[in-house]
Amino acid sequence: MRDLEGTRPGNARGGLTELHADDYGLFPAQSRRIFNCWEHGVLNAVSVMPNSPHLKDCMAFLPPNVRVAIHLNLMEGRSVRGDVPLLSDETGRFHVSFGGLLLASYLPGRARCRSQLKKEISAQIHAVLPYLSGPLRIDGHAHYHMIPVVFDALMDVIEEEGLAVEYIRIPREHISLYLRHQRELSGVRPINLIKVLVLNCLAHRNLSKYKTFAQTLEQRVFLGVFLSGNMSYHNVSILLEDAKALAQARGAGLEILAHPGGVREGEDIAQLTHPDDISFLTSGLREEEAEMFLKLRSEKEHERLDS
């Protein structure tokens, strides 16, 4: 069983700087690349893919003092539940898109969609529970969990099953932080600004609807969408001090998200089911993001993280 409070560096709820990698457990080789960022870098948190057939093997070599979140996934691979035809095809492969679920949030039939989402979300949470102890931490692959009908279904599961949850990632970004350094940052993609604006709107909706519950969760300043796919050492080191200052001013922690787990093996690439994941996970930028975690350690930047 894994202690969710054990972290490196520090374990204070309010002031923790969480250096976070998504998609752990997708494949063993890919997960070992993420593990390397803990062993030789500053990585201290991961999100695990609940529907991966390799989850058990990958969890076996994950250190006990890494913070673990459940990475709800409605995009890559196959359904855990299986009997959710609005979400997956006859083979169980997911066939819903972010835009499709966003549209479904406001159309007739959303109650049926919400019901099937509840089944799948519950199944995914319970797939990871055997590897965890203590309150849960939850986020979503490609931030699908922020879509209204998905977030509502997640809230239903938490309430109906009486789940103890300490953190749900709310990927709401402070655009002013990036604008302050816009001339220094590299690899900024205009599409990411649109993603930030959409997610910020969804965050406002979800936090407003579930305000009382949201106040019980850990509060974090989040970085990871505006520079999605290019959370390089260059970019993160430019933003780090201002991001820490912003988190401190808000009495919150800081979460820096990257995807250092590149998929390189042909047999693993062949198992990926979503075109976006194929291009994203096989990109050389995954190695740059892994290098970010390693260089923050090797250049003693961790002293800035601990301060």
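In what order do the 7 strands of the open sheet stand? The legends below refer to a predicted model.

View 1. The order of the 7 strands is β5-β4-β3-β2-β1-β7-β6, and their pairing is parallel. Strands β5 and β6 (220–223) are at the edges with a single partner strand each, so one side of each has no neighbour in the sheet. On average, neighbouring strands of this sheet are turned by 30° against each other, direction ignored.

**View 2. Strands β1 and β7.** Strand β1 (residues 17–24) runs parallel to strand β7 (residues 253–258), and 5 bridges join them. Glu18 stands opposite Glu255 in β7.

**View 3. Two helices on the sheet.** Helix α1 (residues 28–39) lies across β1 and β2 (45–48), and runs at about 170° to β1. Helix α5 (residues 148–161) packs on the sheet, where it touches β3 (67–72), β4 (136–140) and β5. The direction of α5 makes about 170° with that of β5.

**View 4. Glu166 in strand β5.** Glu166 belongs to strand β5 (residues 165–168). Glu166 counts as buried because its relative accessibility is 4%, and buried means under 20%. Its side chain makes a polar contact of 3.2 Å with the side chain of Arg137. Leu217 is 51 residues apart from Glu166 along the chain, yet their C-alpha atoms are separated by 5.1 Å.

**View 5. His181 in a loop.** His181 lies in the loop between α6 (175–179) and α7 (190–209). With a relative accessibility of 11%, His181 counts as buried. Leaving aside neighbours within four places in sequence, His181 is in contact with Ile238, Leu239 and Asp242. The side chains of His181 and Asp242 make a polar contact (2.6 Å).

Methods. Residues numbered from 1 in each chain as written. Predicted model: local features only at pLDDT ≥ 70, side-chain atom pairs only at ≥ 80, totals over all residues. Heavy atoms only, no water. Helix = DSSP H or I, 4+ residues; strand = E, 2+ residues; numbered from the N terminus. Buried < 20%, exposed > 50% of the residue type's maximum accessible area, 1.4 Å probe, protein only. Polar contact = N/O pair within 3.5 Å; in protein donor to acceptor, adjacent residues only side chain to side chain. Contact = heavy atoms within 4.5 Å. Pairing = 2+ DSSP bridges. Axes fitted to C-alpha atoms, helices over the stretch in contact; angles between N-to-C directions.
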